[in-house]
Each structure stands twice: as C-alpha cells, then as structure tokens.
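Reader: Before I rely on any label in a description of a structure, I would like to see the value behind it and the cut-off it was set against. Could we go through it in that way?

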Amino acid sequence: MSHANYHHKKNAPAKRISMSLSAELLSKFDKSMSKAGYTDRSKAIQTAIHSFIDDYDWKLGEKENGAGAIIMLYNNHVYNQGKKSIQIQHKYKNVITASTHLHLEGDNCLETIMVKGQIKKIKELAKYLSENRGIKSLKVHFVSLS
C-alpha cells in the first residue's frame with residue numbers, strides 16, 4: 001500500500017524517537033519487515049504508523065476524506081450486478097473514480113471499485129454493495145488524505 005499521498009516536505013528535519021519493545025516483538029517485526037522486502041527498519045516503522053493512522057481514520061472518520069479500493073469477489077449468477085449494483089454505483093458516482101471487472105473460473109468474478117472522497121460516503125457504498133446476494137468477500141483498502 002503506497003502512502004505517497006501523505007504530505008511530507010522535502011528536506012524537512014526528521015524527529016528522532018526512541019522506543020522500547022520486547023525482544024520477541026522486535027524479532028517478529030524484523031522477520032515481517034524482511035519478508036515484506038524492507039531493508040530499513042525506520043521506513044518499515046513509518047509504513048506501519050501510516051497504516052495505523054489510516055485504520056484509525058477509517059474507523060472513526062465521518063467527515064474526513066480518503067481514497068482506496070473496494071474489492072469484491074462474487075458469484076456472477078447470484079450477484080445482481082446488472083441492476084442493483086449499477087444503481088448503487090450510480091448513486092455514489094461522486095466517490096467512485098474507476099472500476100474494473102475480472103471474470104475468474106466458474107461463476108466467480110472479481111470487481112475493484114476505486115474510490116475517493118468523504119469516508120462516510122465510502123462506508124455507505126461498501127455497506128450497500130455488501131448487502132447484495134452472491135457476495136463471497138468484500139474488503140475495503142483505505143488510505144487517509146489528511
């Protein structure tokens with residue numbers, strides 16, 4: 001998940017902090033960091049902090065803005081994609097920036113809806129989409145714009 005949308009001033013002085021962690025937690029973090037491809041612990045911690053902020057903003061935010069993707073896996077023969085989903089997406093066209101549809105094996109389809117705007121509206125869109133029959137999985141990947 002890219003966090004390029006966070007506003008950082010070039011050449012802004014970094015604040016140095018110190019933290020205490022158990023040896024076990026640090027070992028687990030270092031292993032996860034390495035598996036994720038990070039070689040710089042500071043960069044990995046910054047990414048984790050950004051994810052923490054995004055999660056908090058998503059859970060508590062209503063008026064704040066953000067962006068992300070709603071990813072749905074569904075059975076095409078059960079999911080009412082032709083009518084209900086289109087009506088819902090038209091209702092929320094102010095937060096939908098793009099969508100993609102991928103046919104998978106059998107009757108399964110994967111749809112990704114890119115969103116940007118007020119958190120409250122993105123949550124409403126995801127809720128209404130999830131109520132449609134045939135949805136096997138619906139996940140929202142969100143990043144804060146503040």
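**Labels and the values behind them**

Author: Let us start with Leu125, which lies in helix 4, residues 119-130; please keep in mind that the model is predicted.

Reader: Why is Leu125 called buried?

Author: Buried means under 20% relative accessible area, and Leu125 has a relative accessible area of 0%, so the label applies. Leaving aside residues up to four places away in sequence, Leu125 touches Ile70, Ile88, Tyr92, Val95, Ile96 and Val115.

Reader: What makes the rings of Tyr92 and Tyr128 a tilted pair?

Author: Trp58 belongs to helix 2 and Phe142 to strand 4 (residues 135-144), so the pair ties together parts that are 84 residues apart in sequence. Both Trp58 and Phe142 are buried. For Tyr92 and Tyr128 the centres are 6.2 Å apart and the planes are at 40°, so this pair is tilted as well. The cut-offs behind the label are centres within 6.5 Å for a pair, with planes under 30 degrees apart counted as stacked and over 60 as edge-to-face. Tyr92 sits in the loop between helix 3 (81-91) and strand 2, and Tyr128 in helix 4, so parts that are 36 residues apart in sequence are tied together by the pair.

Reader: Are Tyr92 and Tyr128 buried or partly exposed?

Author: Tyr92 is buried, with a relative accessible area of 3%, whereas Tyr128, at 31% relative accessibility, counts as partly exposed.

Reader: How do you know that Lys121 forms a salt bridge with Glu124?

Author: The closest N and O atoms of Lys121 and Glu124 are 3.9 Å apart, and the definition asks for a side-chain nitrogen of Lys or Arg within 4 Å of a carboxyl oxygen of Asp or Glu. Both residues lie in helix 4, 3 residues apart, which is about one turn of the helix. Lys121 counts as partly exposed at 29% relative accessibility, and Glu124 is partly exposed too, with a relative accessible area of 22%.

Reader: How many salt bridges does the search of the whole structure find?

Author: The search finds 5 salt bridges, and one of them joins the side chains of Arg41 and Asp30 at 2.7 Å, N to O. Arg41 lies in helix 2 (residues 41-60) and Asp30 in helix 1, so this pair ties together parts that are 11 residues apart in sequence. Another salt bridge is formed by the side chains of Glu131 and Lys127, at 2.7 Å, N to O.

Reader: Why is Asp30 called partly exposed?

Author: The label covers values between the limits for buried, under 20%, and exposed, over 50%; Asp30 has 23% relative accessibility and therefore counts as partly exposed.

Reader: What makes strand 2 and strand 3 a pair?

Author: At least two bridges are required, and 7 bridges join strand 2 (residues 96-103) to strand 3 (residues 108-118), the two running antiparallel. Within this pairing, Ser99 stands opposite Ile113 in strand 3. The hairpin of strand 2 and strand 3 has 4 residues between the strands, and there Gly106 takes a positive phi near 65°.

Conventions:
Residues numbered from 1 in each chain as written. Predicted model: local features only at pLDDT ≥ 70, side-chain atom pairs only at ≥ 80, totals over all residues. Heavy atoms only, no water. Buried < 20%, exposed > 50% of the residue type's maximum accessible area, 1.4 Å probe, protein only. Contact = heavy atoms within 4.5 Å. Phe/Tyr/Trp six-rings, centres within 6.5 Å; stacked < 30°, edge-to-face > 60°.
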